[in-house]
Amino acid sequence: METSKGQTSKLISYFLYLYIIAQVFELFFNREFLVSVLPFGLAGISPTKIEPYLQGLYLIGGTAYTLILLLEPLILILAIIYIKDKLSKALLLSVLYLAVLADTVHIIYGVNNTSFLLPTVYSLVFVSMIIITSIYLSTRARKTFMIFVLIPDILAYMFLMFNWASEFGGWTLMSLLSGYSGDLIAYSVLFVGSGLVVYSVMKRMYQLKVLLPFAIVGISVALVSGLNLIPGWGIALGTIFPYILGFLGVSDWMPPVFFAIAMTAIGCIVSMYKYDRPLSLAILSLIVSSLIFDSVPIITYLLEPLISFTFLYLVGEKNKSNIESKIT
């Protein structure tokens, strides 16, 4: 029995660590038109000339995306089997069912069919379930700080949901709320990033020797860019950094500030690993899973924040089980 529990714990760990690694690679290599093509285009170089040299990057990004696509249902299934709380199981099962059903219908219509759209009511229910399940899992794991970190994603979901509601009912108010939600995303990212730094310092969950290098790099690059000491740095940061993460409502002054806060926050997350591994890894996963908006919302991206919360609960439960087994 103990061997079986140990094997399950190792399997969960392998899946979760592989998932985060895939997220990082997908973030930097799969969103190629933002990471590589746009900067070249701004420099006056035709993207078609440099595209052949980027095939290796596309391959890495595509592989990472495929891994995320495969791991998401596997992690949800593991969570449904492993988590004992019945309501958590029911919520996760509902989200999994809605996701699989949506993907199945999309496959039937054709995976390359960009005109395919889920029914508005279905989309609204699906995204609502993702938000509700994420918040519930964080309360069950007693890590309510994760709800604070989720604020930019909630605004991103609101952007989509108000937009769908506007298209469904033709309500002007919904369209306005969608626009406001999108505009607030960038500000919320700055607010949450700063809050994460304050939280880790106040809770004394940081190591100065780890945090300082990240903060120094972030602040130095931000100053050089903001003061235009190296021409072009501001454009590079503004093209690559916030937009690779899919942020809406980004103003010209924001990219250097984003970079400074982001690097400092990453230092805090790395430092936090020593004190609270589940929270550290879940926040890291949530940050690198920033939503991308397209004319067709992608189920894989929509599910990523929920997987971060599932990660939080699974790792927390695994650690709790290990502690209990040592006591008994």
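The accessible surface of the chain amounts to about 16700 Å², and 70% of this area belongs to carbon and sulfur atoms. The model is a predicted one. Of the 328 residues in the chain, 46% count as buried.

The secondary structure is helical: the chain holds 14 helices and zero strands. Read along the sequence, its pattern is accordingly written α-α-α-α-α-α-α-α-α-α-α-α-α-α. Among contacts between residues at least 6 apart in sequence, 77% join residues at least 24 apart.

The largest nonpolar core comprises 83 residues, and Phe126, Phe258 and Ile283 have the most contacts inside it. Helix H14, which spans residues 299–327, supplies the largest share of this core, with 11 residues. Leaving aside residues up to four places away in sequence, Phe126 touches Val95, Leu98 and Ala99, together with Ile299, Leu302 and Leu303.

For helix H9 (residues 172–202) and helix H12 (residues 254–272), the axes come within 9 Å and cross at roughly 35 degrees. The crossing in which H9 passes H12 is left-handed. On the H9 side, the residues that meet H12 include Ala186, Tyr187, Val189, Leu190, Gly193 and Ser194. On the H12 side, those that meet H9 include Met254, Val257, Phe258, Ile261 and Thr264. The residues of this contact divide into 15 nonpolar and four polar, with no charged residue. Phe258, one of the H12 residues in the contact, is also among the residues with the most contacts inside the largest nonpolar core.

How values were computed:
Residues numbered from 1 in each chain as written. Predicted model: local features only at pLDDT ≥ 70, side-chain atom pairs only at ≥ 80, totals over all residues. Heavy atoms only, no water. Core = buried A, V, L, I, M, F, W, Y, C linked by side-chain atoms within 4.5 Å. Buried < 20%, exposed > 50% of the residue type's maximum accessible area, 1.4 Å probe, protein only. Helix = DSSP H or I, 4+ residues; strand = E, 2+ residues; numbered from the N terminus. Contact = heavy atoms within 4.5 Å. Areas by Shrake-Rupley, 256 points an atom, 1.4 Å probe, with all protein chains shown as cover. Axes fitted to C-alpha atoms, helices over the stretch in contact; angles between N-to-C directions. Left-handed = near helix turned anticlockwise from the far one by under 90°. Nonpolar A, V, L, I, M, F, W, Y, C, P; charged D, E, K, R; others polar.
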